[in-house]
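Good morning, colleagues. I would ask you to look at the sequence and the structure together while I go through a selection of local features.

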Amino acid sequence: MIELEDLGDDLRLYKGDCRRLIASLPDNSVDAVVTDPPYEIGFMNRGFDRTGIAFDVDLWRGILRVLKPGGHVAAFAASRTYHRLAGAIEDAGFEIRDQIDWVYASGMPHGSDASLLVDRELGAERIKVVGHGLRHGTGYSDVKGWGSSTANGGKAKSEWDVLAPATEQAERWSGWYSQLKPAHEPICLARKPLDGNLARNLLEYGTGALHIDACRVPFRNMADEAESKGQEPAWTVRLRAARQPCIRCGQGGSRRLHGRSPFRAEHAVRPIRGQDTRPAVRRHRQSKRQTTRKHETR
């Protein structure tokens, strides 16, 4: 069953099985699809995350049918299973255009402690306390916020004693773990094949291209703008800005674009006080500039 909720401002939310909803839509009727399907890694041992739906070629064929020619798909995935997701999307008939990385610093390491496993294998019990551990909860509370509730499958706050390895063999493997801390999620960027060339597709369907200017990273100041454009002196930027109208808004400003070209990585990092979060351009400037030009001509 599919329920419809009108959110206003021409926004409608359809609630139900996405496969049934897709089947009810006409051909070539959707401009773009942004989706975050199950990652198929058995998250928290939940059944929804091991159904295989993200790797179902028939699901992506249905999405291909309803998309307009040139319509894009942006599908989130886990780093361990991205290859299978991208393979299913490609097998359905899409062109894999690129990969975007959502990079974050809030991931929690889930790997097994190799030293602890060695002690357990040897039957040795750890008794010497060398520290104290604390982990905030992962659930959300409307009153106390994040980390204070077990609602929606969240974990409660926990505390424990940190114990030293009990054997020499375990001490040898102290600091070793079975996997890395998660820090990024790849996003598969794919496109339904064009109907003719790109210009004809844009005129007929309004799809097929990416609005890069809407995603540009704003310049911090005139010096930053000059630096990003190949060490152009800042005074020439100011002079040009005073004389030439902006190509986007028509107001006084640089005739060049408003910001740096967007990267393939979307950062989700809480900066340290005083930290410069601008893209690093000072080192290896020439090689970076050549690489950017090559990417932008695709």
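Accessible areas here come from the Shrake-Rupley method with a 1.4 Å probe. On that basis the protein exposes about 20,600 Å², and carbon and sulfur atoms supply 52% of that area. Please bear in mind that this is a predicted model.

Let me give the overall picture. The protein has 298 residues, of which 28% are buried. Its secondary structure consists of nine helices and 13 strands. If we take the contacts between residues at least 6 apart in sequence, 67% of them join residues at least 24 apart.

I turn now to the charged pairs. How many salt bridges does a search of the whole structure find? The search finds nine. One of them is formed by Lys-68 and Asp-31, whose closest N and O atoms are 3.2 Å apart. This pair links distant parts of the chain, with Lys-68 in strand 4, residues 67-76, and Asp-31 in strand 3, the two being 37 residues apart. Asp-31, at 43%, is partly exposed.

Another salt bridge joins the side chains of Asp-213 and Arg-216, at 2.8 Å from N to O. Asp-213 is partly exposed, with a relative accessible area of 23%. Arg-216 has a value of 19%, and the limit for a buried residue is under 20%, so Arg-216 counts as buried. Elsewhere, salt bridges that share partners join Glu-95, Arg-97 and Arg-191 into one network. Within it, the side chains of Glu-95 and Arg-97 meet at 3.9 Å, N to O. Glu-95 is partly exposed at 29% relative accessibility, and Arg-97 is partly exposed at 40%.

Next, a lysine without such a partner. Side chains of opposite charge can pair when their charged atoms come close. Lys-192, in the loop between strand 10, residues 184-191, and helix 6, is buried yet has no salt bridge. Which side chain of opposite charge is nearest to Lys-192? That side chain belongs to Asp-27, and it is 7.4 Å away. A polar atom of the Lys-192 side chain does lie 2.6 Å from the backbone oxygen of Leu-67. Leaving out residues up to four places away in sequence, Lys-192 touches several others, among them Asn-28, Leu-64, Lys-68, Pro-69 and Phe-94.

Helix 6 covers residues 198-205, and at its start a side-chain oxygen of Asn-197 reaches to within 3.3 Å of the backbone nitrogen of Ala-199. Gly-206 follows the helix, with a positive phi near 75 degrees. Thr-207 then lies in the loop between helix 6 and strand 11, residues 217-218. With a relative accessible area of 5%, Thr-207 is buried. A polar atom of its side chain lies 2.5 Å from the backbone oxygen of Pro-69. Beyond neighbours within four places in sequence, the contacts of Thr-207 include Asp-31, Lys-68, Pro-69 and Leu-202.

Asp-113 caps its N-terminal end, with a side-chain oxygen 3.0 Å from the backbone nitrogen of Ser-115. The residue after helix 4 is Gly-123, whose phi is positive, near 75 degrees.

Backbone geometry brings me to two further residues. Most residues other than glycine have a negative phi. Asp-9, however, has a positive phi of about 55 degrees, and Asp-10 has one near 60 degrees. Asp-9 sits in the loop between strand 1, residues 3-8, and strand 2, residues 11-15, and Asp-10 is also placed in the loop between these strands. Asp-9 is exposed at 75% relative accessible area, and Asp-10 is exposed at 74%.

Finally, the surface. Ile-41, Phe-43, Met-44 and Phe-48 make a nonpolar patch of about 370 Å². Met-44 is found in the loop between strand 3, residues 30-35, and helix 2, residues 57-66. With a relative accessible area of 36%, Met-44 is partly exposed.

Note on methods
Residues are numbered from 1 along each chain as its sequence is written. This is a predicted model: local features need pLDDT of at least 70, side-chain atom pairs count only at pLDDT 80 or more; totals for chains, interfaces and linings use all residues. Side-chain values use heavy atoms; hydrogens and water are left out. Helices (H or I, at least four residues) and strands (E, at least two) are DSSP runs, numbered from the N terminus. Buried means under 20% relative accessible area, exposed over 50%, partly exposed in between (1.4 Å probe, protein chains only). Contact means heavy atoms within 4.5 Å. A polar contact is a pair of N or O atoms within 3.5 Å; within protein, one must be able to donate a hydrogen and the other to accept it, and residues adjacent in sequence count only if both atoms are side-chain atoms. Patches are made of residues with over 30% relative accessible area and no salt bridge: like charges are joined within 9 Å, nonpolar side chains (Val, Leu, Ile, Met, Phe, Trp, Tyr) within 5 Å. A salt bridge is a side-chain nitrogen of Lys or Arg within 4 Å of a carboxyl oxygen of Asp or Glu. Lys and Arg count as positive and Asp and Glu as negative; His and the chain ends are not counted.
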